[in-house]
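Let's take a walk through this one together, a stop at a time. Have the sequence and the 3D view open as you read.

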Amino acid sequence: MGIVVSKRINKTQEPLPKTLPGVVCAQRVRCGKPRCRCAHGQRHLAFYRFWREGGRLRKRYVRRADLASVGAACEARLRERQALAEGWQQWRKLVAGVREVSR
Ligand SMILES: [Zn+2]
């Protein structure tokens, strides 16, 4: 008799995009339950992703289970933007070089 491991995929969970804007920050919060430890000072550590959208700062709660993947997605976006910036710099150098030669 073997053990049956169910590989049920949670369909309510949206797949995370490969890249995400912003940064993940930890914040201490109160859950609101009167008997909880957080009501007496020892707050919960909760994670949020902050990003700018249309000039406004936005914030979304990140579940502990999603922490690693959301953090990785933010880093991926950052790397993407850095690569883009480097690409622009190279392009500008190239243009400047061409101007120099064609003078
Ligand atoms: Zn609490």
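R79 and E75 are 4 residues apart in helix 1 (residues 67-102), which means that about one helical turn separates them. Helices here are DSSP runs of H or I with at least four residues, strands are runs of E with at least two, and both are numbered from the N terminus. R79 and E75 form a salt bridge, with their closest N and O atoms 3.8 Å apart. That term stands for a side-chain nitrogen of Lys or Arg within 4 Å of a carboxyl oxygen of Asp or Glu. E75 is partly exposed, at 49% relative accessibility. For that scale, buried is under 20% relative accessible area, exposed is over 50%, and partly exposed is in between (1.4 Å probe, protein chains only).

Before going on, keep in mind that this is a predicted model: local features need pLDDT of at least 70, side-chain atom pairs count only at pLDDT 80 or more, and totals for chains, interfaces and linings use all residues. Residues are numbered from 1 along each chain as its sequence is written, and side-chain values use heavy atoms, with hydrogens and water left out.

How many salt bridges does the structure hold? There are 3 salt bridges. One of them joins the side chains of D66 and R63, at 3.0 Å from N to O. D66 is buried, with a relative accessible area of 12%, while R63 is partly exposed at 42%. In another, the side chains of E53 and R58 meet at 2.7 Å, N to O. E53 has 40% relative accessibility and counts as partly exposed; R58, with 36%, is also partly exposed.

What about the rings? A search of the whole structure finds 1 aromatic pair. Y48 and Y61 have ring centres 5.6 Å apart and planes at 65°, so the pair is edge-to-face. Rings of Phe, Tyr and Trp (its six-membered ring) pair if their centres lie within 6.5 Å, and planes under 30 degrees apart are stacked, over 60 edge-to-face, and the rest tilted. Because Y48 lies in strand 2 (residues 44-53) and Y61 in strand 3 (residues 56-62), the pair ties together parts that are 13 residues apart in sequence. Y48 is buried at 14% relative accessible area, whereas Y61 is partly exposed at 48%.

Y48 has a charge on its ring too: the charged end of K59 sits over it, 4.4 Å from the centre. To count, NZ of Lys or CZ of Arg must be within 6 Å of the ring centre and within 35 degrees of the ring normal. Likewise, the charged end of R49 sits over the ring of W51, 4.0 Å from its centre.

Last stop, the zinc ion. C31 (SG), C36 (SG), C38 (SG) and H44 (NE2) coordinate the zinc ion at 2.0 to 2.3 Å. Donors are N, O and S atoms within 2.8 Å of the metal (3.2 Å for Na, K and Ca), and water is not among the atoms, so sites may look incomplete. Along the chain, the donors follow the spacing C-x4-C-x1-C-x5-H.
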